[in-house]
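Hi everyone, thanks for making time this morning. Let's look at a structure together and talk about the charged side chains in it.

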Amino acid sequence: MGRQVWKPGNMLYPLPAVMVSAADKEGNANILTVAWTGTICTDPAMLYISVRPERYSYGMIRETGEFVVNLTTEELAKATDWCGVKSGRDVDKWKEMGLTKGKASTLSYAPVILESPVNIECKVTEVKELGSHHMFLARVTAVQVDEKYMKKNGKFELNHTGLLAYSHGEYLGLGKSLGRFGWSVKKR
């Protein structure tokens with residue numbers, strides 16, 4: 001069995017499948033599903049999202065300089081997909097998917113999605129116009145977490161939320177734990 005060589009393309013999978021919420025200065029809010037996202041810095045906390053300029057939410061983010069990355073779960077899989085294939089120009093995604101807008105603690109316009117276990121509030125620091133997508137580099141200004149995933153000792157159980165991932169056209173549950181960071185070198 002040999003190996004095939006393909007033209008350059010993105011095969012870096014799996015990725016987080018997140019719903020990004022944004023709003024314009026008039027209060028029109030939308031949800032955009034994004035898989036082109038990730039951490040870029042720990043201190044200061046920063047992340048990025050890459051968005052096509054023709055997407056409805058793109059103008060909202062450019063106008064206000066803010067957005068929220070809302071982590072998705074298996075329970076939110078249908079809404080995650082639906083918000084990625086429908087346009088906010090044509091439908092009210094909040095209403096159609098039964099999602100609830102919540103107040104961001106540090107942002108003026110973009111709401112959080114209350115059904116999400118984690119809401120990451122972001123302020124844009126730079127936009128890189130790269131081609132098909134423009135990358136919004138953003139500083140994380142606050143993180144909201146759903147208290148139902150807090151243990152009595154104060155630990156947040158993120159891995160018990162049923163997080164969703166995107167891989168090569170499919171949404172996947174994350175599955176079972178195979179080890180903790182550093183387990184391969186831990187002394188026994």
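A salt bridge here means a side-chain nitrogen of Lys or Arg within 4 Å of a carboxyl oxygen of Asp or Glu. Two notes before we count: this is a predicted model, where local features need pLDDT of at least 70 and side-chain atom pairs count only at pLDDT 80 or more, while totals for chains, interfaces and linings use all residues. Residues are numbered from 1 along each chain as its sequence is written, and side-chain values use heavy atoms, with hydrogens and water left out.

For burial, we call a residue buried under 20% relative accessible area, exposed over 50%, and partly exposed in between, using a 1.4 Å probe and protein chains only. Arg52, at 36%, is partly exposed, and Glu54, at 47%, is partly exposed too.

Now find Glu157, please. Glu157 makes a salt bridge with Lys151 at 3.6 Å and another with Lys155 at 3.9 Å. Shared partners join Lys151, Lys155 and Glu157 into one network. Is Glu157 buried or exposed? Glu157 is buried, because its relative accessible area is 12%. Lys151 is partly exposed at 42%, and Lys155 is partly exposed at 38%.

Finally, look at Glu66. Glu66 is buried yet has no salt bridge. The nearest side chain of opposite charge (Lys and Arg count as positive, Asp and Glu as negative; His and the chain ends are not counted) is Lys123, 5.6 Å away.
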